Amino acid sequence: MGQISFMSLIELHNITKIYRVGSQKVVALKNLSLVFERGDFAVLAGPSGSGKTTALNMIGGLDRPTSGQVLVNDLDLGKANLKRLADFRLHNIGFIFQSYNLIPVLTAAENAEFTLMLQKTPRHQRRERVLSLFADLGISGLEDRLPKDLSGGQQQRVAIARAIAANPRVILADEPTANLDSNTAEDLLSLMRQLNNSHGTTFVFSSHDDKVIRRAKRIIRLEDGLMVSDNSQNL
Amino acid sequence: MHINPLFFIPKPVLFLIFFSVLSVCKIVKDEAWALDLKALVRDVEQQYMGESSVSQTHMQVSTKNWQRNLEMQAWSLGRDFFLIRIIEPAKERDIATLKRNREVWNYLPKVDRIIKVPPSMMGGSWMGSHITNDDLVKANHIDEDYTLRLIEETELHFLIECLPKTDAAVVWGKIIYKVRKQPKVPELIAYFDESMQKVREIYFDDVQTIGERTIPLKLTVLPLDKPGEKTILFYREINYDVSLDEHFFTLRSLKQR
Amino acid sequence: MLFGLAYQNLWRNRRRTLLTMSAMVVSVSLLILALGIFSGMFKDMLASATEQYYGHLVMAKPDYHQRRDLYATLPDTILTLPTLQNPEILGRAPRLRSFGLVSWGQTSQPVELLGIQPLAEATVTSLHDQIVKGRFLEETDKNCLIIGWGLAEKLNVRPGDAVVFVTQAADGSIGNDLLTITGIFRTGDRRHDNNLVLAPLTWLQNLLVLPGRIHEVSMRIHNPMTASVLASRINAELNTEATILDWGELLPEMREVISAYDVSRMIVVIILYLATGLGILNTFFMSVMERTREFGILLAQGMRPWLIRQLVLLEAMILAIMSLIIGMFLGGLMTFYMDQVGIDLSKYITPVTYAGGTILPRLHAVFDLGNFLTPAIVLLMVSLAASYLPANRAAKLNPVVAIREE
């Protein structure tokens, strides 16, 4: 672990991100500075286009800032090459996507153990891990189903299993509940909280839904790429 | 590939070559310049060959691998008919060659058959000598197939160049005759191939007077592409204007003996 | 799992994959068939050039092959040389060669006459198998000959007729004799059918006054393709005035045919595979484009770009190997049919003689490992090459953009 920032897992320093759309420049993030610590359960809140997704992409090493510095676990993501970034994601980050994005030709279990496979975890260990995860997530028995045979909620649970299977330090979720009905969304959030509590997994997710935002320990509000507030609350 | 069959060609070779040459010589008679070379050729031919002839000839052929001597008897009538028959050696006795117009036939007594020399074989050797079947057929047609031109005259000689006519099916690119003025006999014939390379020479000597005619009795053929090889023909005896007609020169008489 | 993923991915668009696969199967199997037929034609040509006349190796005086000098002879005892007893050599036939006229009635034809020992000749050449009328020469035959079919037509002769052969003997004399035709052969090679006659060696030796002499020893060997190696090995051991030429030296055009064959084989391979390769390229580009978002997810999950590239290449390889298995089976089946049955074209075309060999009017294939390996290896290379661009494109995707893709 880094010696400098013992507690801080993710540090964003003065991040500015400018996209070019045709001849126009779009400023997605402006001088954003943030620090996340181990065990955080933070939401990036704001309307669509406020820079939530861009911020998540920065943390996940999927995108590089135009200026500023992203340090995750002491790795400067702006300076790492593609292979380094891929390895970084593999070992540190779990992603949960808005539309689940399971690989359609792989079974639920195969989807869930994909990162483990990339990490070269032996097959039986992968299987054990998936079985216990599926039990924890309440989707036991669906291991051998293909994504098309699962409901939306079930798919999102498989996606969560996939994200946490390799025990990443951070789980990034972009609008994880956007496609779910409110009951299912509620269940999902409970599940995330539960994982956060029991495993200390750091969650950073985005949402524009107040019901979801309310459930976060830390609420960071973005507007037009600028951070307008950063509040912690006890639940 | 070397095709080296024997194809007999009539013995009249001698005559043919001779006469054609002689006739050419005659061209220059009178030393008048407006010579009708063609007419003169025939004129001379007539004078030297007579209407007909009977002769006895010796032929010696020397090659790198062997030497052989043949005695032959020959008959001629005009420029189109010749018959030659081998007398010696005994092994080849009665092998005979008949030339009728432009065709050549051979008779083989051992198998008692007559064989026509096919066109593809006309360039082949006659009787293993350095004379080809073509020589037999075409020698006395020089005046028809070639354009004649006097290229040099000295005190002793005429030099005549013969170039093939454009439509003539001939094998030589050029022929040069050297003819002695007094007596009017051929001395040398040089043959050139199509690339104007000299490939063969024929020398004439031993000039004798036979009756009212003066002719060289010896003829030496030197193939320049085969150094050291030669064919020598020598007239032992020659009689002119004997009584022969075309019936003598038939396939039947070729076979007869 | 990568393999399983690759395999599963192939079947996401079943119709497109099957279509591409069938194109690959067709090109592989047609190629195998075409190459088999090429090889069959080539083998016919080589066989006609060597087995109908020259043999695989010919021992003669240096230059004899070019000059055909009547006097360039060898003693017939040369046959018993220990070096010629090499087990690779399956047959040895002594020959004396003469050029002359064969005559029947009013017709005469120039011919090449080979003096042979019938039994020995049959161990080297296949003329005895190509007799269409009468019979081949026998050891006890004296004044007999066999004659080419075209020549027999020109002379209008048939077995039993006695023809005259005339040539100049080695002593300058006129050799001539009557020979009874025992048989007529037909090889399909016009030059031989129209010009070649065979007669007993001893008879020709007498006629040419060359007793105990031969011009050449023609030999058949176990594997014709090793002829040049064997020739140089025996030449090194030979301690005589004679040298051995292999068929490649006797028929330099045939050697050129072999290299031309190799070139045209590659051209056919390239043309057929160019089309196939474009099909593969198209299929994989479409397949990669359709999966852009999925590749973005895989990249986001930490899959290295290199592994993404491998995944796509692996898909192409699996497709190629499946196609190869089916294509080679079908190609082998068709080749087998063309080998066993073939197609007779003699009603429509006549034999073509080229470079000293005769292409028979038939479609006939032979099995040759190279004709299977070449299409297989090249197809794998083509698949790799054609899928490399799509694979690269997948590997170079920007995950942010890719995931956003709908």
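The points below cover the chains, their contacts and some local features of this predicted model.

1. **Chain A overall.** Chain A contains eight helices and 10 strands. Of its 235 residues, 46% are buried. Take the contacts in chain A between residues at least 6 apart in sequence: 70% of these join residues at least 24 apart.

2. **Chain A against chain C.** Here 21 residues of chain A meet 18 residues of chain C. On the chain A side, two elements give two or more residues each: helix 2 (82-92) and helix 4 (114-118). Helix 2 of chain A gives the most, with six residues. By class, the side of chain A that touches chain C has 12 nonpolar, four polar and five charged residues.

3. **Chain C against chain B.** In this contact 25 residues of chain C face 28 residues of chain B. Four strands of chain C each supply at least two residues to the chain C side: strand 3 (89-104), strand 4 (107-116), strand 7 (162-168) and strand 8 (174-185). The residues on that side of chain C divide into 10 nonpolar, 10 polar and five charged.

4. **Helix 1 of chain C.** Which residues of helix 1 (residues 2-10) of chain C are buried? They are A6(C), N9(C) and L10(C). These residues cover an arc of only 105° around the axis, so they sit on the same side of helix 1 of chain C. The spacing fits a general rule. An α-helix has 3.6 residues a turn, so residues three or four places apart point the same way.

5. **Helix 2 with helix 10 in chain C.** Helix 2 of chain C also packs with helix 10 of chain C, at an angle of about 175° and with the axes 10 Å apart. An angle over 145 degrees counts as roughly antiparallel. Helix 2 of chain C and helix 10 of chain C are therefore roughly antiparallel to each other. Their contact has 19 nonpolar, five polar and two charged residues.

6. **Helix 10 with helix 13 in chain C.** How do helix 10 and helix 13 of chain C run, roughly parallel or roughly antiparallel to each other? The axes of helix 10 (residues 252-290) and helix 13 (residues 369-395) of chain C come within 8 Å and cross at roughly 30°. Angles under 35 degrees count as roughly parallel. Helix 10 and helix 13 of chain C are therefore roughly parallel to each other. Their crossing is right-handed. By class, this contact has 16 nonpolar, five polar and two charged residues.

7. **G248(C).** G248(C) lies in helix 9 (residues 247-250) of chain C. Is G248(C) buried or partly exposed? The cut-off for buried is 20 or more other C-beta atoms within 10 Å. G248(C) has 18 C-beta neighbours inside 10 Å, so G248(C) counts as partly exposed. Leaving aside neighbours within four places in sequence, G248(C) is in contact with A227(C), S228(C), M254(C) and R255(C). G248(C) and T50(C) are 198 residues apart in sequence, yet their C-alpha atoms are 10.0 Å apart in space.

8. **Backbone features to check.** As background, most residues other than glycine have a negative phi, and most peptide bonds are trans.

9. **N31(A).** Phi of N31(A) is positive, near 45°, and the residue is not a glycine. N31(A) is found in strand 2 (residues 24-37) of chain A. With 14 C-beta neighbours inside 10 Å, N31(A) counts as partly exposed.

10. **N167(A).** N167(A) also has a positive phi, about 50°, and is not a glycine. N167(A) is in the loop between helix 6 (152-164) and strand 7 (170-174) of chain A. N167(A) is partly exposed, with 13 other C-beta atoms within 10 Å.

11. **P89(B).** Which bond is cis in chain B? The peptide bond joining E88(B) and P89(B) is cis, with omega about 0°. P89(B) is placed in the loop between strand 3 (81-88) and strand 4 (96-100) of chain B.

Note on methods
Residues numbered from 1 in each chain as written. Chains lettered and ligands numbered in written order. Predicted model: local features only at pLDDT ≥ 70, side-chain atom pairs only at ≥ 80, totals over all residues. Contact = placed C-beta atoms within 7 Å. Nonpolar A, V, L, I, M, F, W, Y, C, P; charged D, E, K, R; others polar. Buried ≥ 20, exposed ≤ 12 C-beta atoms within 10 Å, placed from the backbone. Arc of directions from axis to C-beta. Axes fitted to C-alpha atoms, helices over the stretch in contact; angles between N-to-C directions. Parallel < 35°, antiparallel > 145°, perpendicular 65-115°, else oblique. Left-handed = near helix turned anticlockwise from the far one by under 90°.
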